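Welcome! Please have a look at the sequence and the structure below, and then we will walk through some features together.

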Amino acid sequence: EPGEVLEDTAWRETKEESGLRGLAVAACLGTIRNLFHHDQRLWLRDETYFLYRWRGKRTQKGETQFQRRWVSWDEAEALLTFASERHFLRQARRAGG
């Protein structure tokens, strides 16, 4: 949203997409620049990853393109597609997630 700071944008998007409430930022894990093809175009995107704590508040249904489930750290790493995602998952684990 216009005028929104990065941390607020990430929090809002995570809340909307996951349906989780009671989220609090625990750490910024870093930023990576990704270059990828989509819709016959080349895109350059900066992605910043945050670690959140969930305080177990009630949830709402998240966006339909996402399937929310709880898994172990090892299972989460096996489910991820991209090396950069696995890198930030390991960062989160080391940060005490």
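Let us begin with the buried residues of H1, which are Ala10, Arg12 and Ser18. Here, buried means under 20% relative accessible area, exposed means over 50%, and partly exposed lies in between (1.4 Å probe, protein chains only). Strand S2 (41-54) is included in what covers these buried residues of H1. Helices (H or I, at least four residues) and strands (E, at least two) are DSSP runs, numbered from the N terminus.

H1 itself runs over residues 6-18, which makes 13 residues. From its first C-alpha to its last, H1 reaches 18 Å, close to the 18 Å expected at 1.5 Å a residue; the expected span is 1.5 Å times one less than the number of residues. After H1 comes glycine 19, with a positive phi near 80°.

## How to read this model

This is a predicted model, in which local features need pLDDT of at least 70 and side-chain atom pairs count only at pLDDT 80 or more, while totals for chains, interfaces and linings use all residues. Residues are numbered from 1 along each chain as its sequence is written, and side-chain values use heavy atoms, with hydrogens and water left out.

## Salt bridges

How many salt bridges does the structure hold? There are 7 salt bridges, each being a side-chain nitrogen of Lys or Arg within 4 Å of a carboxyl oxygen of Asp or Glu. Side chains of opposite charge can pair when their charged atoms come close. One network of salt bridges links Glu4, Arg12, Glu13 and Glu16.

Another salt bridge joins the side chains of aspartate 46 and arginine 33 (2.6 Å, N to O). Because aspartate 46 lies in strand S2 and arginine 33 in strand S1 (residues 23-38), this pair ties together parts that are 13 residues apart in sequence. Aspartate 46 counts as partly exposed at 45% relative accessibility, and arginine 33 counts as exposed at 55%.

## A link between two helices

Which residue does aspartate 74 meet in a salt bridge? Its partner is arginine 93, and their side chains meet at 3.1 Å, N to O. This pair links distant parts of the chain, with aspartate 74 in helix H2 (residues 73-79) and arginine 93 in helix H3 (residues 83-94), 19 residues apart. Aspartate 74 is exposed, at a relative accessible area of 53%, while arginine 93 is partly exposed, at 42%.

## Around glutamate 47

Is glutamate 47 buried or exposed? Glutamate 47 counts as buried because its relative accessibility is 17%. Glutamate 47 forms a salt bridge with arginine 45, where the closest N and O atoms are 2.7 Å apart. Arginine 45 counts as partly exposed, at 42% relative accessibility.

Glutamate 47 also has a polar contact, side chain to side chain, with asparagine 34 (2.9 Å). A polar contact is a pair of N or O atoms within 3.5 Å; within protein, one must be able to donate a hydrogen and the other to accept it, and residues adjacent in sequence count only if both atoms are side-chain atoms.

## Two residues of strand S1

Asparagine 34 is found in strand S1 and is buried, with a relative accessible area of 18%. Not counting residues up to four places away in sequence, asparagine 34 touches Trp43, Leu44, Arg45, Glu47 and Ser84; contact means heavy atoms within 4.5 Å.

Phenylalanine 36 is found in strand S1 too, and is partly exposed at 25% relative accessible area. Leaving aside neighbours within four places in sequence, phenylalanine 36 is in contact with Arg41, Leu42, Trp43 and Arg45.
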